[in-house]
Amino acid sequence: MLSDSLAKEFEAIVGKENVFTSEADRQNYSYDSCVWTPCIPGGVVRPTNTEQLGPIIELCYKEGIPMTVRGAGTNLSGGTIPDTTDTIVILTTALNRILEINEEDLYAIVEPGVITAPMAATIASKGLFYPPDPGSMSVSTIGGNVAENSGGLRGLKYGTTKDYVMGMEVYANTGDLVRCGSRCVKCATGYAISPLLVGSEGTLAVTSQVTLKLVPPPKASKAMMALFTDMQSASKAVAAIISAHVVPCTLEFLDHATINYVEDYVKIGLPRDAGAMLLVEVDGHPAQVEDDAAVVEKVLKDCGSTEVVVAKDAEQKKNIWEARRVAIPALARAKPTFMMEDVTVPRSKIPAMIAGLEKIAKDRNVTIATFGHAGDGNLHPGILCDKRDKQEWARVELAVDDLFNLGLELKGTLSGEHGIGLAKKQWLEQETSRGSIMFSRRLRNAFDPKGLFNPEKIVGARG
């Protein structure tokens, strides 16, 4: 636990009410949404203005105290789990101001603790659009989205968080404020530091402010659902839609197992014998939407869909998306432990990946239900189990190893949107190279010579 003398130094910076040292308080920040072993930190510090970040970092660096920055704790790769029991968690939830929404130059400036969905809604009320929509956006923070380069359902057409970060303000290991990027559409001033910080998982600096690009909203949209007898046919439809030069804003899938878990949960009349479901939405100018929707509907039928349902109004559109919206809670309620993984393969390899997952489930005697973003190949295999059952958990760990090995064999990547954190470190060299790991460590050490910023995440600070 944090010593009394150090606790008083932190209290002098943020106030006594914003330093938490009791075991009960520290326990709350020992875990995140990843199925990983918790680690109780030495203390928790909650700054209430961004200017306090510099002195906090300066004190930690002087005392050699590891730091883990945390927003809402929705991380799925262990990125906000403290590495050691002397770690200080820097909690950013009170840094939650929207500083500016510029309707002329199309940008917003926000603090890291701003919650994504309410921010997007505020932006929408101004007639503008912030597209990134991670599944946790109702609770996740912009700082966390930036740290993980979060994706979402709209990633196929609109990209991920990295495509909307114009500039950042961060505090370096020295406690100094670093400004990078700009409010301008084009900026070639100095090193491009912001893109390096996006996705760095809190290992290089501490974010205090983010400038986000905004775009005009689409004027119309249309959604549809298509059922298939197998994933092979559904995957062919995905490829055919893109080949027809239509880029949907969302193109999602549910496999046979997920369809049945969803039907168990909400009982909306999904056919239990369906091998796969595609959910497609196109958006843009009304005339273009009508044309694109007609093309997509024809492609779906030509590729063997047994049923295509096109939403005729907002209520039907909501009903169509119900199956995807409830996929996570439907799976999470099925067993005590729900491990949602994140692996991305080329679109053409989705059938092979699904077939491989089915084989892994059978060979390892575990339950796997898969859904995800078919349009960009980002799959979420969900392993349903009970971690308290040691024999089952041992099989699960083998299955996880199998699924990442399979994804890499298919020329995929370990993560499309959840990051590496603690949970995927062991496969990183397999995807990249030893040289890549060492290069990344040297880069990291330039930003953080003592290795105190989230020290064990991604490539680790040492080793």
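**View 1. Domain 1 and domain 3 of the predicted model, with their centres 37 Å apart over C-alpha atoms.** The protein chain is assigned domain 1 (4-91), domain 2 (98-213) and domain 3 (220-410), with bounds from an automatic or database domain assignment. In this predicted model, local features need pLDDT of at least 70, side-chain atom pairs count only at pLDDT 80 or more, and totals for chains, interfaces and linings use all residues. Residues are numbered from 1 along each chain as its sequence is written, and side-chain values use heavy atoms, with hydrogens and water left out.

**View 2. The area buried between domain 1 and domain 3 is about 330 Å².** Buried area is the accessible area (1.4 Å probe) that two parts lose on being put together, summed over both. Carbon and sulfur atoms give 70% of this area. On the domain 1 side, 3 nonpolar and 1 polar residues touch domain 3, and no charged ones; Ala, Val, Leu, Ile, Met, Phe, Trp, Tyr, Cys and Pro count as nonpolar, Asp, Glu, Lys and Arg as charged, and the others, Gly among them, as polar.

**View 3. An open sheet of 4 strands has the order 1-2-4-3 and mixed pairing.** Strand 1 (19-20) and strand 3 (67-70) are the edge strands, each pairing on one side only. Strands (E, at least two residues) are DSSP runs numbered from the N terminus, and two of them pair if DSSP finds at least two bridges between them. Strand 3 runs parallel to strand 4 (residues 88-91), joined by 4 bridges. Arg70 has Leu91 of strand 4 as its bridge partner.
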